[in-house]
Amino acid sequence: MSRSGIPRRREFLLQTAAVLGSWAVPQSFRRLLAAPVRSVVAGGVCPAPDETTGLPLLMLPEGFRYVSFGWTGDLMSDGVVTPNQHDGMGIVQESDGVLTICRNHECKHRGTSFGQADLAYDPMATAGCSNLTFDTVRGRWDKAWSSLSGTLKNCAGGPTPWGTWLSCEETVLQDGDEDAGVVIKLEQPHGYVFEVAVDGAIPPVPLKAMGRFVHEAVAVNPMTGIVYQTEDREPAGLYRFVPLQKGRLSKGGLLEMMKVEGCSDLSLDAETGRSYDVSWVTIEDPDRAHSPGTKDEGGVFEQGHVQGGSAFQKLEGCWWGNDRCYFVASHGGRSGKGQIWAYTPRSETLEMLFESPSSAVLDCPDNLCVSPRGGLVLCEDGDRVPQKLQALTRAGRLTEFAAMNVQLNGERNGLKGDFRNSEWAGATFSPDGKWLFVNNQVPGITFAITGDWQMLGI
């Protein structure tokens, strides 16, 4: 706890939940979509040495630097070996410049859970979370420890205004199901959201009222406590969970799916800059994993869709800012290479800010976050090599500012391979805007990057 205690932590989280300030979003992005503009970083990006290993793991603009930490196979402070498949990530506490970050591990296979036995939801599931601390004053990583285990395919999630992390399972597997043609053995059903504390001491309880579906990310409205949730499948829905008690998700609430009037499918025929009216339909059985008689993973989606709920294609990252919920349809649009959306609860309207015309412009954005200066950071998870970090700036420009350059030959933990096609994940800024934290998913590395963000317009 900081010297100023819990109120300071809550103030920080409320502020970072609304970082966009007075950004004039619609006009900037309408100009961008009318004629996509690529901003070129002066001098481009080039291989830059990691200050931990000396290896050129990333390509960055001149003057930027970074420090790696929490590699797959590293021993954490609690004696647990760091799992692989680093994914969604967010800051859950600030104490005198020291940040606590919660990081997902999207481990996909059954086996033995990592971490402490009392933190395991299912002892036969291998995914979960680890927490890390970073000292922004000294610019260095401190420690890491396991904070949730016994879950499956924890892809993304999101921070809450009350100082926890919501970790989301991207699967609805249970004992006896087939996964990639193999019948699996599990002790618990999966497909839920779990709340993770700063110290990782909250028992792993599935928040079943929030729905059992192929979860991706969440964003919390700090004023109402409503949680918006994305679904990583095709087709997919956008959901909101209205809690019975703000900040106490375990007390239950109402799950609803977004309905855009007159648009049953927004993946192909949405218009950039148009304001769509939004309403919500109720999901009567949030714990229904599949449509009746199937194994389609669409039990929640179908309940909403038959009532007029709108479909997207593969909803991924989700972030709150400027009284809006921003989210990504990774395979949306006529090219199938991604759409960026903004939902405004105050007016109950939805707007598409950007649609990628091709992978050469933006290749399947996945996780996203919002910079304290107002730009959107987009993590690519497509097919091109190398994968890029891009920004949709306040000035309405799409800027490539980092490229994956991880190529290993056993230098760290015996890891070998060319990982330049690995996805970026978990982007999140420090509250002072100086450090960007982001993951390489495979083999699994966490980076803290700093530089002249103002120069990039991010």
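Predicted model: local features only at pLDDT ≥ 70, side-chain atom pairs only at ≥ 80, totals over all residues.
## Overall build

Let's start with the fold as a whole. The chain contains 4 helices and 31 strands. Its radius of gyration is 20 Å, close to the 23 Å that the globule rule gives for 458 residues, so the chain is as compact as a globular protein of that length. Along the principal axes, the C-alpha trace spans about 55 × 55 × 50 Å.

Contacts across the sequence are worth a look too: among those with a separation of 6 or more, 56% join residues 24 or more positions apart.

## Surface and charge

Of the 458 residues, 62% are buried. The accessible surface amounts to about 16400 Å², and carbon and sulfur atoms account for 49% of that area. As for charge, there are 41 positive and 55 negative side chains, with the centres of the two sets 5 Å apart.

## Nonpolar cores

The largest nonpolar core has 47 residues, and the members touching the most others are Leu389, Phe401, Phe447, Ile449 and Trp453. Another core, of 26 residues, lies apart from it and includes Ala217, Cys263, Cys318 and Trp341. In soluble globular proteins, nonpolar side chains tend to be buried together.

## A closer look at methionine 257

Methionine 257 sits in strand β17, which covers residues 253-260. Its relative accessibility is 0%, so methionine 257 counts as buried.

Beyond residues up to four places away in sequence, methionine 257 touches a set of residues including Leu238, Tyr239, Trp280, Ile283, Phe301 and His305. The C-alpha atom of alanine 311, 54 residues away along the chain, is 9.8 Å from that of methionine 257.

Note on methods:
Residues numbered from 1 in each chain as written. Heavy atoms only, no water. Core = buried A, V, L, I, M, F, W, Y, C linked by side-chain atoms within 4.5 Å. Buried < 20%, exposed > 50% of the residue type's maximum accessible area, 1.4 Å probe, protein only. Helix = DSSP H or I, 4+ residues; strand = E, 2+ residues; numbered from the N terminus. Rg over C-alpha atoms; globule rule 2.2 N^0.38 Å. Contact = heavy atoms within 4.5 Å. Areas by Shrake-Rupley, 256 points an atom, 1.4 Å probe, with all protein chains shown as cover. Lys, Arg positive; Asp, Glu negative; His and termini not counted. Charge placed at Lys NZ, Arg CZ, Asp CG, Glu CD.
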